[in-house]
Amino acid sequence: MQEHRLRRGDPPVTTISPTSNVALEILRRTATEAEEKTGSADSANSILKAANGVSAEPGRATTQAQGAVNNSMLELKARADAFVGTALELLNSDRFKSSDPNVKAVLKEILNEQGEIFAGRVEAELVNNPGLRHEEAIANALTATVRGNRSRFAETEIVLGYNLKTAGRQLHHVTDAEGHSSGQFLADAQAEARIGLDIAQKARANAKGDAALAEALKAEEEAERIYRRTQQSANEWNGYWTKKFGWPEPR
């Protein structure tokens, strides 16, 4: 990773938040609309100057743009506050579980410090997974928050449990400080075994002749045994944490 140091005479570095980007885009759009409606490049340029921090006499279009920006910022803040509030409600309930009892307190601190970042994670979940319910998006964002702030938690693997009203019970795993996770290992093993079984089944279906069919059947049986073993191991892992978190076994 490159280290960037400020030297004397260098211009100050400004960090633009997602909210600021949205605000700037609104100003630019308003400028374009003003130019199209009035045919005046001056009013559009005035708005763009205001957006870029250049002093200009406030005109009607500028005032309208600033009002739109303020409203947009208020809407974004209200939405972010709602996401954080729902997350805190989940953390404070018995529907959230963790293998590390300190996770809850640390997550609350991070939510208070990084509310907008957390809201951005929730928004990303909703955009990338159409049809995902808000509560499930918030659970995914909480797990992503633990992963994104890994150094603030215990070095051991962390297992998170969510008993969601709309999506049922979920177990999430976070790797230990060295990147290892028993939950991830078992999930990967099961996924690979499933792929292997699919390949064996296709090979059996396409086998030509008795000898080739007999060999393909044998390979399919072995692939199925491997898949069942990995499936059983994953189920045992899930069962262990289900019991650990005090949830009833699924029927």
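Student: Which residues are linked in a network of salt bridges?
Tutor: Glu109, Glu113 and Arg152 are. A salt bridge here is a side-chain nitrogen of Lys or Arg within 4 Å of a carboxyl oxygen of Asp or Glu. This is a predicted model, where local features need pLDDT of at least 70, side-chain atom pairs count only at pLDDT 80 or more, and totals for chains, interfaces and linings use all residues. Residues are numbered from 1 along each chain as its sequence is written, and side-chain values use heavy atoms, leaving out hydrogens and water.

Student: How far apart are the closest N and O atoms of Glu113 and Arg152?
Tutor: They're 2.9 Å apart. Glu113 lies in helix α4 and Arg152 in the loop between α6 and β2, so the pair ties together parts 39 residues apart in sequence. Helices (H or I, at least four residues) and strands (E, at least two) are DSSP runs, numbered from the N terminus.

Student: And Arg152 with Glu109?
Tutor: That salt bridge has its closest N and O atoms 3.6 Å apart. Those two residues are 43 residues apart, with Glu109 in helix α4 (residues 103-113).

Student: New topic: is Arg95 buried or exposed?
Tutor: Buried, because its relative accessibility is 16%; the cut-offs are under 20% relative accessible area for buried, over 50% for exposed, and partly exposed in between (1.4 Å probe, protein chains only). Arg95 forms a salt bridge with Glu135, at 2.6 Å between the closest N and O atoms.

Student: How many salt bridges does the structure hold?
Tutor: It holds 7.
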